[in-house]
Amino acid sequence: MTAGCMQDLPEERAIMTDSPPTGGAPVPHPDLLPELQGTFERFKQAVNEDDLDTLTLLLTGQALSHGKALREAVLTADRETLSEKDAYSKACVLGFRASFERDVLEALGYQGYFAYAVSFFPGGRQFLDVLGLEGFVASKDDEGEFVAGQLTIEGEAQDLAIHFRPSDGAWRIDPMALLIIYAHLTQSLVEHKFDGDDDAFLESFITDVFKPGDFEACWNPVAT
């Protein structure tokens, strides 16, 4: 997939309807919904194909902030620092260290860190196939207008939303809600299968999936 697949969004087109339903939240114009759904599908395909060029053009908001924080943790966080993080965040950090050499990790952009964090979730790439969006609403904050779509898993609505923002004639996406779901699911797995023992889960998961030569070495900062 290439950047040219992104749909144009005429700048003069307003995001919200002129008259939202009485008592309801403002909704986006109906003709925007296919573009929002298309952006969501392009994001999922880009993650599945490790298409970092497309992700660079698509991602925005908290997804990039998380990618930046994750990059810093992978490069600099020691075991004591990582102990303060949730199980999924720790799994991502150790997964990166087990998968890539230092030069790759230092060169990888924030978009790449976020994308691989999505795919590092057990079955994460397949999990994307059952995700959908419904109940779009339009809103505005300090950064401007945006549209939020309620996330669904196998058609069941979740209390989390994917955000979309217009930028340079196209839509960008902030899918931070995915990592929030992954963090909750991982914690549930730790509690039910590993009796709440993060370390036991991490050793089992990292050695099973990433097969590092030395699991203990994955706890060491990359940039020393």
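Predicted model: local features only at pLDDT ≥ 70, side-chain atom pairs only at ≥ 80, totals over all residues.
Trainee: How many residues of helix 5 are buried?
Mentor: 12 of its 13, where buried means under 20% relative accessible area with a 1.4 Å probe, protein chains only. Helices here are DSSP runs of H or I, at least four residues, numbered from the N terminus.

Trainee: And what do those buried residues pack against?
Mentor: Several helices, including helix 3 (62-76), helix 7 (110-120) and helix 9 (176-193); contact means heavy atoms within 4.5 Å.

Trainee: Phe 96, buried or exposed?
Mentor: Buried, at a relative accessible area of 0%. Phe 100 has 22% and counts as partly exposed, the class between 20% and 50%.

Trainee: Different topic. How many aromatic pairs does the whole structure have?
Mentor: A search finds 11. Rings of Phe, Tyr and Trp (its six-membered ring) pair if their centres lie within 6.5 Å; planes under 30 degrees apart are stacked, over 60 edge-to-face, the rest tilted. Phe 96 and Phe 100 have ring centres 6.2 Å apart and planes at 35 degrees, so that pair is tilted.

Trainee: What about Phe 205 and Phe 210?
Mentor: Their centres are 5.7 Å apart and their planes at 85 degrees, so the pair is edge-to-face. Both Phe 205 and Phe 210 are buried.

Trainee: Which residues do ring pairs link into a cluster?
Mentor: Phe 96, Phe 100, Tyr 113 and Tyr 116.

How values were computed: Residues numbered from 1 in each chain as written. Heavy atoms only, no water. Helix = DSSP H or I, 4+ residues; strand = E, 2+ residues; numbered from the N terminus.
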